[in-house]
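This briefing concerns how the chains of one assembly meet. Please examine the structure below before reading the points that follow.

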Amino acid sequence: MRLTLDGEVITDVEPIVGYLHRGIEKLAETRTYTQIIPLTDRLDYLASMTNNVAYCMAVEKLGGIKVPERAEYLRVIISEMIRISSHLMAIGSFLNDCGAFFTPLLYMWREREKILDMCDMISGQRLLYNFMRVGGLSQDVPAEFITSVKKFVAEMPRYIDEYNQLVKENEVFLARSKGVGILPKETAIAIGASGPVLRASGMKWDVRKMDPYSVYDRFDFEVPTGQNGDCYDRYWVRILEMTQSLRIMEQALAQLPAKGPICADVPQFFTLPAGEVYGYIEAPKGNLGFYIVSDGSIAPYRLHIYPPTLINITAFADMVKGWKVADLILTFGSMDVVLGEIDR
Amino acid sequence: MTLLDQFQLFLKAQGWPEWAYYTVPALAGIVVIIGVVLAAVIVYIWWERRFVARIQIRLGPNRCGPEGIFQPIATAVKILLKEDIVPANADKVLHFIAPIVVFVPILMIFAVVPFDRGAILVDLNVGIVYVIAISSISVIGIFTASWASGNKYSFISGLRSISQMVSYEIPVVLSIVGVVLMTGSFSMIKIVEAQTVPFILLQPLGFLLFFMGALAEMNRSPFDLLEADSEIVAGYHLEYSGMKFAMFYLGEYGMALAYSAVITTVFLSGWQGPFLPGVIWFLVKVMLVFSVIVWIRSMMPRMRVDQLMSFAWKAMLPMALINLLVIAVEVLVIPSLQWLMLIINFGLAAVLILLFSRIFTLGGGRVEV
Amino acid sequence: MTIALNGEEIGKKLNEAIPGAVVSGTKTAVLVDAKQLTKVAEYMKSTPGLDFDYLTVVTAVDYLEYFELVYRLVSLKYNHSLILKTRIYTREDPVVDSVTPIWRAAYYQEREIFDLFGIKFEGHPYLKPLLLWEGFKGYPLRRDYL
Amino acid sequence: MEIIRPSVSTPQEEDIAEGQAINSLMEQCRSQIADPDRWIDEEIKRNILLTTVDAAIAWARQRSIFPMIFGTACCAMEMISASSSRFDLPRFGMDIIRFSPRQADVMIITGTITWKMAAAARLIYDQMPEPKWVVAIGACAISGGTFRESYSVVPGVNHIMPVDVYVPGCPPRPEAMIYGITRLHAKIVKGTFDNPSLSLPK
Amino acid sequence: MKFERYGVGIAKGLGMTMRHLFRAPITVQYPEEKLKISKRTRGNELVWFPDRCTGCGTCTKACPQGNIVLVTHRGEPNKFIVDKFECDTGRCIFCGLCVESCPYNALAMSVKYECAKYRRGDLVLGKEKMAVSAENRPSAYCRPQFEEGLPAQSLLLYNREEGGQKLKFIPLSTRKRGSHA
């Protein structure tokens with residue numbers, strides 16, 4: 001991030017990225033379709049399940065693979081869980097950027113730990129799960145998982161209330177975040193922003209609603225939007241989205257088939273028909289897409305990842321020009337930037 | 001009659017030479033004060049770490065000695081033994097002087113803080129003025145440090161520190177003047193003795209203003225702009241290591257301790273209290289004030305520079321002036337009716353806070369460039 | 001449901017408006033002439049009934065004989081999408097018009113393509129390497145790298 | 001090894017200078033740096049008794065480590081987990097996280113180091129005052145991990161600086177990280193690790 | 001921005017933190033008390049069953065970064081004798097694909113995670129270190145047959161009574177003096 005300052009007022013800013021560029025797209029060309037799944041984990045490492053889902057769905061779309069019902073529901077439950085954990089992280093680090101000395105972050109981290117525990121239970125890892133497979137899931141979930149998710153869904157709203165009490169009405173927080181870092185609706189659309197950033201600007205656009213993938217058309221949920229597109233709206237939209245995610249999880253748990261296959265019959269080394277596909281989902285950070293070109297071999301000819309956070313910071317310079325350095329930090333925090341995804 | 005005076009008389013009676021019975025008690029007092037202060041700083045550092053940890057539902061350092069009480073000592077020893085680095089583009093002399101300029105005035109504040117009846121190094125008749133004057137010297141050290149480091153983050157921090165100190169000094173002084181009006185003396189001992197009812201009850205608004213101003217002057221949250229680690233890395237002591245950093249570090253906590261002690265003396269009736277000896281009461285009260293500071297630090301977001309400034313000039317200064325005016329009138333008209341003063345001043349605080357929350361705006365604007 | 005528009009129909013429409021722009025239109029995508037890209041992009045954005053105001057993915061694929069640039073357009077108003085493609089048939093110093101003035105969404109993605117494929121975008125406001133550093137030799141995402 | 005940093009003014013020049021620095025660093029860092037063997041030989045150890053002062057200093061150093069968390073990727077998240085309420089790394093006196101390298105004792109490298117980042121990492125390592133240690137956490141930091149073949153990733157952080165403790169995992173659990181830190185404590189205390197009396201409670 | 005709520009919001013937040021002050025800390029004092037980790041945990045080592053391994057090399061093919069080195073020579077019919085079986089845990093990302101792909105259940109993830117080493121070379125595991133033993137126990141990742149021997153996971157979600165994370169507060173006086181951690 002290169003800043004030009006006049007006193008403490010920002011006159012120009014140029015985000016310089018690429019410090020975590022690991023060449024995932026190039027590496028993917030040398031790996032088989034299954035071996036790419038661990039790579040996609042490492043994109044947006046705060047929400048690696050959704051990355052797995054996005055990639056697997058793109059491959060399934062190209063290969064015409066039908067995913068079993070139970071796997072679809074489990075995918076929905078797990079990715080909503082991960083959405084909550086990612087939003088908790090986003091809000092927590094945003095408040096930390098405000099200067100709240102780790103306390104809100106640590107309270108949110110407590111709930112995040114609960115989610116990580118459950119992911120650990122099903123996949124064996126706390127952060128990078130490598131749990132989804134093309135055609136479903138790698139293993140069935142244990143029975144405790146369902147009961148613990150139910151308990152989590154039941155008690156999570158109480159904790160969300162606690163967060164609201166903690167900072168929602170804090171005068172200093174309001175003074176710092178309201179009206180700061182405004183992203184107008186027109187600009188948000190022009191730069192192709194997505195996810196909570198776009199919705200905070202007042203555009204009601206959620207891929208889960210507008211282009212339902214998986215089984216999302218069977219759930220009843222709302223798409224929260226903000227009005228001003230400032231830092232506070234982005235914070236508040238995330239809080240509301242967590243509530244909606246809980247609603248989706250509740251419905252999915254009720255509709256979940258008790259038994260059934262969890263993976264379509266896909267061998268570990270498989271080929272896809274030659275062709276190309278663009279599969280995308282609504283990841284916690286926004287619209288995450290995978291563009292896969294296949295030439296019929298066991299490895300993709302080209303894999304392109306469409307990263308939501310890189311697109312979201314396109315108008316960053318506009319948002320902070322004329323504001324103070326402190327606002328820049330706050331705005332950057334409210335965009336929920338994950339470098340692994342920007343740089344790939 | 002302070003303890004030092006008694007010591008002096010004792011030496012005189014023993015037939016010591018004249019120069020000795022002036023210097024020996026003074027030196028002994030200085031050594032005791034420094035020892036007590038450093039010990040207290042270490043305890044309070046430990047207390048802060050544990051207290052914040054408990055607020056954050058964790059345990060905090062508990063491995064060094066019983067419940068981790070030796071943790072700050074380990075930290076101190078380790079920092080002292082670190083390599084001392086002077087950056088290539090630093091101003092060598094100023095880089096060396098700055099930590100001393102920060103640290104020494106903070107120790108000097110304790111010279112006039114009464115720990116108990118008579119337990120004061122020197123009972124100046126302008127004690128409170130001395131405190132205010134001395135406490136603002138360390139900002140010069142901070143600015144020197146930020147300049148001498150030759151680092152842009154440090155320099156921003158230094159600029160912020162100067163502006164912050166200049167703006168918050170005025171409400172602090174004005175809120176103290178209210179106390180002085182009631183007491184009729186600048187002496188710290190007289191101020192304590194005048195508090196049959198603690199001044200926090202008689203002057204709630206004055207206390208609030210002084211507390212906020214003190215938070216700003218000792219760079220504690222929500223006014224900790226100098227070391228906003230998410231904005232300007234670590235602030236003015238970014239380029240310091242080893243012993244010099246230790247001095248800044250101790251100075252930071254010493255400052256918090258000093259202000260806690262001053263608040264205790266001026267608003268919480270110092271050593272006075274039933275049953276227990278005065279020094280225990282004093283330390284307990286200091287601990288209480290310090291805990292509140294830590295508590296606030298644990299959850300408050302940080303203010304922005306311009307908001308900080310406008311808060312000082314547009315809200316705190318007028319409030320302090322109105323408070324001063326009302327107290328002056330009260331002292332003139334009803335000097336003995338303390339219960340009436342109490343009611344009036346609480347009413348005043350409530351009205352002013354309501355009023356200012358309506359008309360005052362924290363500048364939240366975008367500066368067009 | 002976002003409706004993926006039929007490329008053949010759009011291609012016909014486009015050929016009427018801008019003659020010679022479309023090379024071929026398949027069911028999934030429209031392949032346009034690289035020289036007419038700016039005009040096509042403007043048409044796509046401003047024509048009523050199409051209104052593609054939301055550009056998502058911009059990427060390039062190296063097919064060794066040619067580079068293929070892929071644009072995925074979405075209309076938030078009508079909730080439909082279209083894939084637009086164009087080809088560049090040179091490996092040394094490939095140049096194409098930038099769409100950044102029309103959709104700002106392409107800003108970083110074109111810089112990234114410039115960085116990793118070496119395709120220059122004419123009209124881009126700030127064409128500099130995005131992910132790699134100055135002085136990096138070669139274009140890593142080309143198929144003949146390493 | 002030295003990183004050349006010429007003084008520059010415009011952004012373009014700065015970029016070019018940065019690129020040159022990275023390329024020269026890539027040239028310099030072709031081979032691995034041997035792990036620092038700070039422990040004392042068996043022969044000498046029998047003759048040297050650690051004095052009380054040394055023990056006290058080692059105690060102080062071990063009990064209050066200021067970490068410089070050089071977190072770039074996934075492992076950094078687990079590092080925050082390790083210092084969060086549940087695992088509470090600050091119990092070991094590591095709660096003062098200084099973002100300035102001047103005050104740090106141990107550099108904890110969590111995450112992939114790309115060549116673009118390597119220059120910064122090296123600079124921070126050089127800025128840290130002695131005594132200093134380096135802990136490499138996670139596969140990416142140790143060896144480049146799954147990205148080792150990539151064109152832009154440092155194949156192991158021991159190419160650019162000596163590493164004291166390696167914590168494998170991708171990412172390791174917070175407990176594993178704390179275990180790594182306790183191994184570092186052991187190394188600090190005695191300068192050796194072969195002493196069986198130092199073994200940690202199981 | 002006005003202080004419209006007269007500082008009520010700040011007071012609420014302070015109250016919230018005060019309430020947390022009286023809650024039990026959720027800290028696990030790691031070296032003394034250890035969390036019971038997931039049954040499927042992908043620990044930071046591999047467990048190899050030498051008697052079951054036929055040396056087919058499926059795991060080496062499945063590994064995304066080619067991290068498993070397998071050298072064999074032909075022995076009895078339908079079986080290779082493994083000369084060298086090596087995995088560099090400093091490079092392994094513990095994705096579990098090798099375990100998943102093994103057709104003879106001869107490879108499993110370990111439950112061990114305390115694997116920090118001082119030397120880079122120590123991270124390369126050979127045949128002996130990977131072989132199954134009392135210390136090197138397999139986890140149930142893709143191997144449900146091992147699930148019974150492992151303790152149930154202690155979740156933060158549940159209280160102690162419900163079999164969740166055990167929050168035993170260890171007073172310091174009972175801890176061994178001079179114990180290292």
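The model is predicted. Chain D and chain A bury about 2700 Å² between them, and the rule finds five salt bridges across their interface.

**Extent of the interface**

- The contact draws 30 residues from chain D and 29 residues from chain A.
- Of the area of about 2700 Å² buried between chain D and chain A, 58% lies on carbon and sulfur atoms.

**Polar and charged pairs**

- Five salt bridges are found across the interface of chain D and chain A.
- A salt bridge joins the side chains of Asp120(A) and Arg173(D), with an N to O distance of 2.9 Å.
- Between chain D and chain A, 14 residue pairs are in polar contact, both residues being at pLDDT 80 or more.

**The side of chain D that touches chain A**

- Helix 1 (11-28), helix 4 (74-83) and helix 5 (115-127) of chain D each supply at least two residues of this side.
- Helix 4 of chain D gives the most to the side that touches chain A, namely five residues.
- By class, the side of chain D that touches chain A comprises 13 nonpolar, nine polar and eight charged residues.

**Chain pairs without contact**

- Chain B and chain C are joined by no contact, and their closest C-alpha atoms lie 21 Å apart.
- Chain C and chain E do not touch either, with their nearest C-alpha atoms 17 Å apart.

Technical notes:
Residues are numbered from 1 along each chain as its sequence is written. Chains are lettered from A and ligands numbered from 1 in the order in which they are written. This is a predicted model: local features need pLDDT of at least 70, side-chain atom pairs count only at pLDDT 80 or more; totals for chains, interfaces and linings use all residues. Side-chain values use heavy atoms; hydrogens and water are left out. Contact means heavy atoms within 4.5 Å. Buried area is the accessible area (1.4 Å probe) that two parts lose on being put together, summed over both. A salt bridge is a side-chain nitrogen of Lys or Arg within 4 Å of a carboxyl oxygen of Asp or Glu. A polar contact is a pair of N or O atoms within 3.5 Å; within protein, one must be able to donate a hydrogen and the other to accept it, and residues adjacent in sequence count only if both atoms are side-chain atoms. Helices (H or I, at least four residues) and strands (E, at least two) are DSSP runs, numbered from the N terminus. Ala, Val, Leu, Ile, Met, Phe, Trp, Tyr, Cys and Pro count as nonpolar, Asp, Glu, Lys and Arg as charged, and the others, Gly among them, as polar.
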